Amino acid sequence: MVTTEIFEKLKSLQVILGRKYELEAKIADAPKQLTTQEELLSKLKKEFIEKSNEYESVKETVNALSLDLDAAVKTREAGEKNMDNITTHREYEALDKQISEASLKEAEIRKELQKEERKLQELNDINKFKKEMIDSQEKDLNESRSKLDSEIAKYKEELEGLVEEEKSIVPDLDQEILFKFQRIIQRNSEGIVAVRNGVCTGCHMILPAQFANEVHEGDSILFCPYCSRILYHEDADEDSQETFFNDAGSLADLSDDDFDSDSEYDDEDEEREDLDEDSEDMDSLDESDEEDDEELDETDDSEE
């Protein structure tokens with residue numbers, strides 16, 4: 001099989017495998033979508049059980065206090081009835097003390113009982129609320145699970161079709177190349193990429209010139225030395241070539257102003273030369289003036 005046909009098959013297989021691995025990942029991760037809801041439901045149930053146990057404990061306390069209260073009330077009432085039958089002051093004092101103690105105990109038990117009854121009512125309200133939350137959460141979870149099962153079923157149906165397409169391509173390919181190709185796609189989502197202007201479009205690295213030429217020839221299956229993807233040659237677009245040369249720059253980019261700037265430097269050099277010449281002329285004039293002064297001095301001396 002010529003390499004061009006292999007490349008075309010690999011390109012088709014790349015699309016199939018990419019979607020296949022994506023669906024497999026979705027199917028594997030699907031249960032995780034329900035994790036939060038399941039954890040919340042589990043937490044609510046745990047709290048409900050704890051509060052229910054607490055409720056039962058408080059209920060037992062209330063029942064025990066109710067029995068104690070009944071006993072205290074009966075003791076007080078019995079004492080009050082016996083008041084009519086006492087004959088001595090000592091009997092009166094003893095019975096009065098019994099009634100007072102029973103009344104005090106009754107009041108204490110009644111206060112404690114009211115406290116526990118309020119607590120029992122609060123726990124009952126909390127449990128009712130939590131039960132409603134549990135029912136609502138279970139309903140939401142069941143709906144989410146049903147929806148997710150439907151999505152997974154669609155994923156699996158599509159996956160079966162992709163597997164059949166894969167089977168129609170795979171037998172014609174070298175198994176070693178296929179194995180590497182599958183591993184690359186699992187890691188990078190692309191297993192075969194083009195080479196344009198000697199650059200791997202997968203990792204955007206510049207390839208060695210000789211290696212890029214071998215890819216251009218297309219006589220064998222070659223892997224990128226940097227990203228391990230399978231490479232095939234593709235002619236670069238004119239736009240990309242223009243962009244490359246525009247970025248690099250050329251002599252055509254130089255404007256007339258650039259050359260004019262050079263001429264300005266030349267003009268400055270000429271001005272400097274003119275100034276130097278003028279300075280030399282001034283020096284020569286000064287020397288001639290000095291000579292004339294010396295001659296005049298000599299003439300005056302001779303006349304004297």
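Q: Start with Lys130. Buried or exposed?
A: Lys130 counts as buried, at 13% relative accessibility. Buried means under 20% relative accessible area, exposed over 50%, and partly exposed in between, with a 1.4 Å probe and protein chains only.

Q: What kind of model is this, and how are residues numbered?
A: It is a predicted model, in which local features need pLDDT of at least 70 and side-chain atom pairs count only at pLDDT 80 or more, while totals for chains, interfaces and linings use all residues. Residues are numbered from 1 along each chain as its sequence is written, and side-chain values use heavy atoms, with hydrogens and water left out.

Q: Back to Lys130. Which residue does it form a salt bridge with?
A: With Glu47, and the closest N and O atoms are 2.7 Å apart. A salt bridge here is a side-chain nitrogen of Lys or Arg within 4 Å of a carboxyl oxygen of Asp or Glu.

Q: Which residue does Glu38 form a salt bridge with?
A: Arg145, with the closest N and O atoms 3.3 Å apart. This pair also links distant parts of the chain: Glu38 belongs to helix α2 (residues 35-82) and Arg145 to helix α3 (residues 89-169), 107 residues apart. Glu38 is partly exposed at 35% relative accessibility, and Arg145 is partly exposed at 29%.

Q: How many salt bridges does the structure hold?
A: 17. Asp29 and Lys32 form one of them, with the closest N and O atoms 3.5 Å apart. There is also a network of salt bridges that links Arg19, Glu22, Lys26 and Glu158.

Q: New topic, the sheet. What is the strand order?
A: The order is β2-β1-β4-β3, in an open sheet of four strands with mixed pairing. Two strands pair if DSSP finds at least two bridges between them.

Q: Which strands stand at the edges?
A: β2 (199-200) and β3 (222-223) do, each with a single partner strand, so one side of each has no neighbour in the sheet.

Q: And how do β1 and β4 run?
A: They run parallel and are joined by four bridges. Val193 is opposite Leu231 of β4. Four of the five residues of β1 are buried, so β1 is largely enclosed by the rest of the structure.

Q: What about the pairing of β1 and β2?
A: Antiparallel, over two bridges. Val195 has Cys200 in β2 as its bridge partner. The two strands form a hairpin with two residues between them, and Asn197 in the turn has a positive phi of about 55 degrees.

Q: Is His204 buried or exposed?
A: Exposed, with a relative accessible area of 60%.

Q: Which helix lies across β1 and β4?
A: Helix α1 (residues 3-29) does, running at about 125 degrees to β4. Axes are lines fitted to C-alpha atoms, for helices over the stretch in contact (heavy atoms within 4.5 Å), and angles run from 0 to 180 degrees between N-to-C directions.

Q: How many aromatic pairs are there?
A: A search of the whole structure finds one. Phe7 and Tyr232 form this tilted pair, 6.0 Å centre to centre with 45 degrees between the planes. Phe7 is in helix α1 and Tyr232 in strand β4, so the pair ties together parts 225 residues apart in sequence. Rings of Phe, Tyr and Trp (its six-membered ring) pair if their centres lie within 6.5 Å; planes under 30 degrees apart count as stacked, over 60 as edge-to-face and the rest as tilted.

Q: What sits over the ring of Tyr232?
A: The charged end of Lys11, 4.0 Å from the ring centre. The criterion is NZ of Lys or CZ of Arg within 6 Å of the ring centre and within 35 degrees of the ring normal.
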